[in-house]
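Have the structure open while you read.

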Amino acid sequence: MKINTKLSALCVAATLLSAAQIAAAAPAVTSPANAAQPNVASPLATVPTQVPAPAASASVATPAPAQAPSVPATTAPAAGSVQAATPAAPSVPSTAKPSKPQQPSTSAPAAATATSVNPTQLDKLNHESAIPLVLEAQSRYQYAISGGKSLGQAFQLNGKSYRYLSEDIGTKTKLINYLTQAYTKQASEQFVGKFFVEVNGRLAQLNADGGNLLEFSRATAKMVTMTPVKRSYLLTVPYPAETKQANEKITVNFEKVGSYWKVSSAPHVIF
């Protein structure tokens with residue numbers, strides 16, 4: 001019995017010792033745990049502090065400035081597009097302006113062409129401008145040979161029938177002035193002396209008609225001789241197609257009088 005009692009006491013003591021050791025060991029475990037918590041807490045505190053700071057700097061500093069420029073950039077294209085539309089509006093007037101100049105330019109060339117080939121003020125003679133001058137000479141010849149505006153009063157002279165020329169070319173001076181717009185004075189006087197007579201200060205001509213069928217408007221010219229003040233052209237002049245006649249070859253002489261070219265061949269020699 002005593003032995004059992006001692007064993008029991010020893011067991012109890014051992015149990016108590018174990019409990020004491022466990023109890024002693026328990027604080028040691030708790031202490032590390034408590035120390036670990038501050039260690040964990042302090043990193044956590046550091047992390048939140050570090051995270052908000054970058055996050056704030058990224059969200060506030062970086063995005064805000066980036067967004068601010070990006071908005072003007074978007075606005076700039078829009079303004080550019082508006083400005084592009086604004087030039088587009090001027091481009092319409094500018095398109096209208098070309099059309100306006102085109103009309104004057106069309107009339108201007110016409111005026112320039114008329115001036116360059118003006119038969120009474122021709123300062124440059126070539127195979128093209130020679131034809132309009134010949135046509136002007138033909139027109140003045142036909143007007144004079146037909147008596148002018150209308151048939152004048154007829155009368156008899158030396159057994160032949162004559163008629164007076166119209167008032168506008170009814171005197172030698174008037175007729176010479178009219179012809180010398182296209183002919184030289186010498187060619188004009190040669191023509192007047194051959195086909196007209198002067199009666200009581202007035203010009204008259206034989207009561208007859210003249211002319212031919214040659215179409216000088218379809219003539220072509222080729223230069224034969226040339227000097228600074230005198231030139232000759234060979235004209236190829238067709239008859240009307242229905243006549244089936246061969247073209248005529250006619251040489252026409254020109255002379256520069258002052259600043260302008262005139263026909264120096266007498267009218268009746270050409271026409």
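## The whole chain

In the protein chain, 55% of the contacts with a separation of 6 or more are between residues 24 or more positions apart. Keep in mind that this is a predicted model.

The chain has 7 helices and 8 strands. Of its 271 residues, 24% count as buried. The accessible surface comes to about 17,200 Å², and 62% of that belongs to carbon and sulfur atoms.

## Helix H4

Now take a look at H4, which covers residues 130-145. From first C-alpha to last, its 16 residues reach 22 Å, close to the 22 Å you'd expect at 1.5 Å a residue.

Which residues of H4 are buried? Among them are Ala-130, Leu-133, Val-134, Ala-137, Tyr-141 and Ala-144, and the list also includes Gln-138 and Arg-140. As background, an α-helix has 3.6 residues a turn, so residues three or four places apart point the same way. After H4 comes Gly-147, with a positive phi near 95°.

## Two loop residues with positive phi

Most residues other than glycine have a negative phi. Asn-158 isn't a glycine, yet its phi is positive, about 55°. You'll find Asn-158 in the loop between strand E1 (154-157) and strand E2 (160-164).

Lys-244, also not a glycine, has a positive phi of about 55°. Its loop runs between strand E6 (230-237) and strand E7 (248-257).

Are these residues buried or exposed? Asn-158 is exposed, with a relative accessible area of 73%, and Lys-244 counts as exposed at 78%.

Conventions: Residues numbered from 1 in each chain as written. Predicted model: local features only at pLDDT ≥ 70, side-chain atom pairs only at ≥ 80, totals over all residues. Heavy atoms only, no water. Helix = DSSP H or I, 4+ residues; strand = E, 2+ residues; numbered from the N terminus. Buried < 20%, exposed > 50% of the residue type's maximum accessible area, 1.4 Å probe, protein only. Contact = heavy atoms within 4.5 Å. Areas by Shrake-Rupley, 256 points an atom, 1.4 Å probe, with all protein chains shown as cover. Expected span 1.5 Å × (residues − 1).
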